[in-house]
Amino acid sequence: MKAIRTHGRGGPEQLFFEDAPLPEVRRGEVLVRVRATGITPMELTWDESYQYADGTPRIPGIPGHELSGVVSRMAPDVTDFHTGDEVYGLVDFPQDGAAADFAAVRAANLAWKPLTISHEQAAALPLSALTAWQALFDHAGLDVGQSVLIHGGAGGVGSLAVQLARWRGSRVLAKASASNAELVRSLGADEVIDYRTTRFEERLRDIDVVLDTIGGETQERSWQVLRKGGVLVALVSPIPPGVAEQHGVRGEFFIVRGNRRQLNQISNLVEEGNLKPVIAEVLPLASAREAFERGAGVHSPGKIVLRASAA
C-alpha cells in the first residue's frame, strides 16, 4: 500500500510518501480501507508517534489517528462489523495511524460513519469530537445553564466544542480571531472574544468551565476567570501540581480515548443537524508534508484532512 511514514523524530521534513506493508490484523482489530484521515500537527511532537505502548521504537511509523473508510476484513473474533461497512473512528496513539491506504483499528474504537456526510468530513471528527465530548461532559461535567469559555473556538477541537456546549444548553463564550468570529458565532457561541485585541481575563468572571486548547500563558491567565469550584480542562499539557487548588478550582488534564458509544452519539448529532465538522482544507495523501506544514503555521478554521490515495 501507499503510506506517509516518519523516518525519524522531527517536523514535516521527516514525512515521506512511499510504499509500506499492509498492517497486520490482530485479535479485536478491523482492517479499514482508508478514504480520508484528519491530521493533528502536534502529533509529530508526541512520544507515542515514534514508539509502541511498551516504549520500544516505531520508526518508520505512520501518523494520522482519525479516519473514515470501509471495512476490508476483520479478525476472526470481531463479529459486529461486516466487509463493506462504512466506518469512522480513532486509531490508538502508540500504533501506526491512518495516513495510508489501509489501517488496522481496534473494533471498539470504530463506529458506523454518519450517513449524511462525506468520508472527508467524517475523518475530521473522531479525535476532535471525542476530545471535545470527553473534556466538556466526562471531565468538566458541563450542564444546562452553565457557562463555558472555549479557547481556540475556531480550531479543530474548539469548533466542535462550541457546538456541543450549545447543544447541551450552556452559555458559550469562545476566544478566536476577528476573522473567524462570524464562523464561531454561527456554530453557537453567544460571545466571541478577539484574542488579538481583548484580554479575556479583564472581561470575564465566574465562568463554570474553561476548555484550554492552547496552554502556556493562556492557561495561566484562565484561572482568574473561573468561579470558586469551577473547572479548567487542559488539552495541551498536564497542570502543575497545586495550581488549581491555589485558585479554589479543579484542574483536569486527559488524553482522549476511543469510544464507540460516544462516536454513535456524535453520529446522531451530525445526522440531526446539531453538529457539523469544520474543514480547513482537503489535500491528497501524497501532500501530507505540506498539510502538516500548513497546520503548524497558518491557523485556519477547522481541520486539515488528507484524502487517501486509493479513495
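Visitor: How many cavities of 30 Å³ or more does a search of the whole structure find?
Guide: This is a predicted model, and what follows should be read with that in mind. In a search of the whole structure, the number of cavities of 30 Å³ or more comes to one.

Visitor: What volume does the largest cavity have, and which residues line it?
Guide: The space in the largest cavity is about 50 Å³. By class, its lining divides into three nonpolar, four polar and two charged residues. The residues that make up this lining are Thr6, Glu43, Leu44, Ser49, Arg58, Gly61, Ile62, Pro63 and His65.

Visitor: Which helix or strand gives the most to the lining of the largest pocket?
Guide: The largest pocket has a volume of about 1,600 Å³, and of the 49 residues that line it, Thr40, Pro41, Met42, Gly156 and Thr213 are the closest to its centre. At least two lining residues come from each of α2 (126-139), α3 (156-168), β9 (171-176), β14 (279-284), α8 (288-297) and β15 (303-307). With four residues, the element that gives the most is α8.

Visitor: How do the residues lining the largest pocket divide by class?
Guide: The classes to be counted in this lining are nonpolar, polar and charged. For the largest pocket, the numbers are 24 nonpolar, 19 polar and six charged.

Visitor: Which strand gives the most to the lining of the second largest pocket?
Guide: The second largest pocket holds about 490 Å³ of space, and among its 21 lining residues Pro23, Glu24, Arg26, Tyr52 and Asp96 lie nearest the centre. Its lining is made up of 13 nonpolar, two polar and six charged residues. The strand that gives the most, with three residues, is β6 (residues 102-106).

Visitor: Is Arg5 buried or exposed, and what is the length of the polar contact that joins its side chain to that of Glu18?
Guide: Arg5 lies in strand β1 (residues 2-6), and because its relative accessibility is 17%, Arg5 counts as buried. Leaving aside neighbours within four places in sequence, its contacts include Phe16, Glu18, Asp19 and Pro60. The polar contact between the side chains of Arg5 and Glu18 has a length of 2.7 Å.

Visitor: How many aromatic pairs are found, and why is the pair of Phe137 and Trp167 edge-to-face?
Guide: The search of the whole structure finds five aromatic pairs. In the pair of Phe137 and Trp167 the ring centres are 6.1 Å apart and the planes stand at 65°. Planes over 60 degrees apart count as edge-to-face, so at 65° the pair is edge-to-face.

Visitor: Where in the chain do these two rings lie, and which residues form the cluster that ring pairs link?
Guide: Phe137 is in helix α2 and Trp167 in helix α3, 30 residues apart, and the pair thus links distant parts of the chain. Phe137 counts as buried at 12% relative accessibility, whereas Trp167 is partly exposed at 36%. The cluster linked by ring pairs consists of Trp133, Phe137 and Trp167.

Visitor: Which residue's side chain is joined to that of Asp208 by a polar contact of 2.4 Å?
Guide: Asp208 is found in strand β11 (residues 207-212) and is buried, with a relative accessible area of 13%. A polar atom of its side chain lies 2.8 Å from the backbone nitrogen of Ser147. The polar contact of 2.4 Å between side chains joins Asp208 to Arg227.

Methods:
Residues numbered from 1 in each chain as written. Predicted model: local features only at pLDDT ≥ 70, side-chain atom pairs only at ≥ 80, totals over all residues. Heavy atoms only, no water. 1 Å grid on protein atoms, 1.4 Å probe; cavity = no way out; pocket = protein on both sides within 12 Å on 5 of 7 lines; lining within 4 Å. Points joined across faces, edges and corners; volume = space filled by probe spheres on them. Nonpolar A, V, L, I, M, F, W, Y, C, P; charged D, E, K, R; others polar. Buried < 20%, exposed > 50% of the residue type's maximum accessible area, 1.4 Å probe, protein only. Polar contact = N/O pair within 3.5 Å; in protein donor to acceptor, adjacent residues only side chain to side chain. Contact = heavy atoms within 4.5 Å. Phe/Tyr/Trp six-rings, centres within 6.5 Å; stacked < 30°, edge-to-face > 60°.
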